[in-house]
Amino acid sequence: MKLYKYIIRQYIGTFIFTFVIAIFILLMQFLWQWVEDFIGKGLEISVMAKLLFYTSVTFVPMALPLAILLSSLMCFGNMGEYYELVAMKASGISVWKVMRPLLYFSIVMSVMAFFFSNNVLPYANLKMSSMLYDVSRKKMTLEIPEGVFYRGIDKYVIRVGKKGDDGKSLYEVMIYDHTADKGNTTVIVADSGYMAMTPSQREMIFTLYDGYNYSEVVDDKEYRNRRPFQKMSFKRQIITFDMSQFDLGHTDEDAFKSHQNMMNIKQLNYSIDSLYNIYMRDKERFKENSFRRYQNMNSGLGAFTGFDDRSQRRMGDAVVDDTIETFRWPLVSNFKGVVGKTVIDMAVSATNNIRDNVVMNRKDFERRDLNIRKHQQVLHTKFTLSVACLLFFFIGAPLGAIIRKGGLGMPVVVSVVFFVIYYVISITSERVALSGDMPVFLGTWLSSIVLFPIGFFLTFKATTDSALLDMESWKKVFSRKKVGDVGSKNNL
């Protein structure tokens with residue numbers, strides 16, 4: 001019992017450390033990807049903290065298996081490097097018994113991972129997606145540069161020739177007012193000014209000095225010929241700009257709830273069933289409507305030409321031994337000039353309409369089928385996370401016992417290699433499954449199927465004291481071969 005407590009204590013510390021490191025690395029990658037949408041928008045610390053928290057939660061399905069793999073490998077590698085495993089084996093304790101407490105811990109983590117992916121992850125995805133959408137739509141903070149026409153404020157274009165050292169004093173100010181939606185008809189020019197925010201931070205106040213207001217009179221009937229305008233001078237003028245457009249909006253989260261990543265297993269099953277039933281119903285309707293559309297085309301041509309179905313069938317019986325082309329032309333050959341051309345144009349137009357309808361509906365059915373596949377993929381992913389935790393334990397623990405190297409050197413390299421293999425297989429197979437070239441079940445579980453025999457093989461080798469990756473053993477093998485080769489040459 002004391003031995004189990006010692007092993008669990010060593011393992012949990014390593015597990016927490018590797019899990020935090022994995023989350024941190026994934027979070028840095030996320031920030032690097034979205035840094036352009038965050039810079040210059042004046043986001044509050046609380047907003048960024050919430051966004052990073054929910055984003056970190058969404059990275060748990062990727063970080064948790066990696067942490068279990070790395071911590072298992074490091075824990076058993078340390079025990080092997082410092083001959084603790086050798087002492088345990090000498091005391092009659094097998095590797096399998098040493099793995100038993102960590103196996104129980106991994107099973108508990110797998111169960112927790114399932115409940116996490118089914119209950120917590122959809123909520124975190126919903127929060128993160130809505131916040132990212134709001135942040136991406138938020139405007140940059142008000143920062144008017146010198147000598148540039150600034151268009152950050154709706155319906156205004158502002159140009160400042162120079163700004164004072166305090167950042168609020170303005171010189172050579174020009175403001176184009178587009179609030180009337182009539183173009184550049186109103187212009188304000190001032191020698192100097194001062195800008196300041198109201199205490200509520202909801203409005204920006206420009207106080208302008210020594211300037212003119214220019215307004216073109218566009219209501220005059222002779223406006224385009226005479227180009228009349230009004231000019232008014234002022235000593236001091238105050239302009240107020242609404243800053244609510246720079247606030248971070250809050251999108252209704254209900255708009256994102258229909259996405260498959262925001263659903264639990266019960267909601268996914270219901271959605272898949274509903275989508276599939278609607279898909280099959282519309283497919284049958286399309287078949288019936290296509291047949292009716294073909295009949296309407298024939299009846300329309302028959303009504304225009306005067307040939308009913310019976311006459312067409314008689315004509316078809318008369319040329320039954322000829323090709324399809326000779327069957328079509330007797331009907332057209334009965335009409336000359338404009339009438340014949342009209343018949344051909346009607347047939348071509350009707351055929352093109354049917355073809356366009358078929359192409360449009362085919363794309364729509366492909367889109368629906370892809371949507372159903374995405375829902376099925378997310379449903380299977382709820383279970384693959386739990387299985388991946390167990391698989392990586394059965395890879396990391398025996399591999400650490402075989403390698404007998406602890407620390408962050410060899411274990412990190414080996415863990416990254418296995419995780420990259422798992423991740424590449426998962427991404428590739430899931431994309432192939434979404435394209436329809438592979439069943440969704442197989443595409444989602446293929447990475448686990450590939451790693452299962454590897455974990456079984458490594459566990460078998462570790463429990464049977466195999467020197468599979470012991471460098472000293474391999475050196476002895478190669479040295480024996482060299483000695484044997486030299487001896488055979490001497491005998492010759």
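Entry 1: I looked up Asp369 and found it partly exposed at 27% relative accessibility. I use buried for under 20% relative accessible area, exposed for over 50%, and partly exposed for values in between, with a 1.4 Å probe and protein chains only. The model is predicted, so I note that local features need pLDDT of at least 70 and side-chain atom pairs count only at pLDDT 80 or more, while totals for chains, interfaces and linings use all residues. Residues are numbered from 1 along each chain as its sequence is written, and side-chain values use heavy atoms, with hydrogens and water left out.

Asp369 meets Arg373 in a salt bridge of 3.1 Å, N to O. I count a salt bridge when a side-chain nitrogen of Lys or Arg lies within 4 Å of a carboxyl oxygen of Asp or Glu. The two residues are four apart in helix 10, so about one helical turn separates them. Arg373 is buried, at 17%. Helices are DSSP runs of H or I with at least four residues, strands are runs of E with at least two, and both are numbered from the N terminus.

**Entry 2: the salt-bridge network.** I searched the whole structure and recorded six salt bridges. Arg281, Asp282, Asp364, Arg367 and Arg368 are linked in a network of them. Asp282 pairs with Arg281, the closest N and O atoms being 3.3 Å apart, and with Arg368 at 2.4 Å, N to O. Asp282 belongs to helix 7 (residues 265-305) and Arg368 to helix 10, so this pair ties together parts 86 residues apart in sequence. Asp282 is buried at 15% relative accessibility, Arg281 is partly exposed at 41%, and Arg368 is partly exposed at 22%.

**Entry 3: the nonpolar core.** I took a nonpolar core to be a set of buried Ala, Val, Leu, Ile, Met, Phe, Trp, Tyr and Cys residues joined through side-chain atoms within 4.5 Å. The largest has 62 residues, and those with the most contacts inside it are Phe15, Phe38, Leu64, Ile68, Phe76 and Met79. Among the elements giving two or more residues to this core are helix 1, helix 3 (60-81), helix 10 (337-403) and helix 12 (440-463). Helix 5 supplies the largest share, 15 residues.

Entry 4: Phe53, in helix 2, is exposed at 52%. Phe17, Ile21, Phe24, Ile25 and Met28 make a nonpolar surface patch of about 470 Å². Patch residues have over 30% relative accessible area and no salt bridge, with nonpolar side chains (Val, Leu, Ile, Met, Phe, Trp, Tyr) joined within 5 Å and like charges within 9 Å. Areas come from the Shrake-Rupley method with a 1.4 Å probe; for residues, only the protein chains shown count as cover. Met28, in helix 1 (residues 2-38), is partly exposed at 36%.

**Entry 5: strands.** I noted that strand 2 (residues 156-163) runs antiparallel to strand 1 (residues 149-150), joined by two bridges, and antiparallel to strand 3 (residues 169-177), joined by seven. Pairing requires at least two DSSP bridges. Tyr150 stands opposite Ile158, and Tyr156 has Asp177 as its bridge partner. Lys155, in the turn between strand 1 and strand 2, has a positive phi of about 65°.

**Entry 6: cysteines.** I found zero disulfides, counting pairs of cysteine sulfur atoms within 2.5 Å. Cys75 is buried at 4%, as is Cys389 at 0%.
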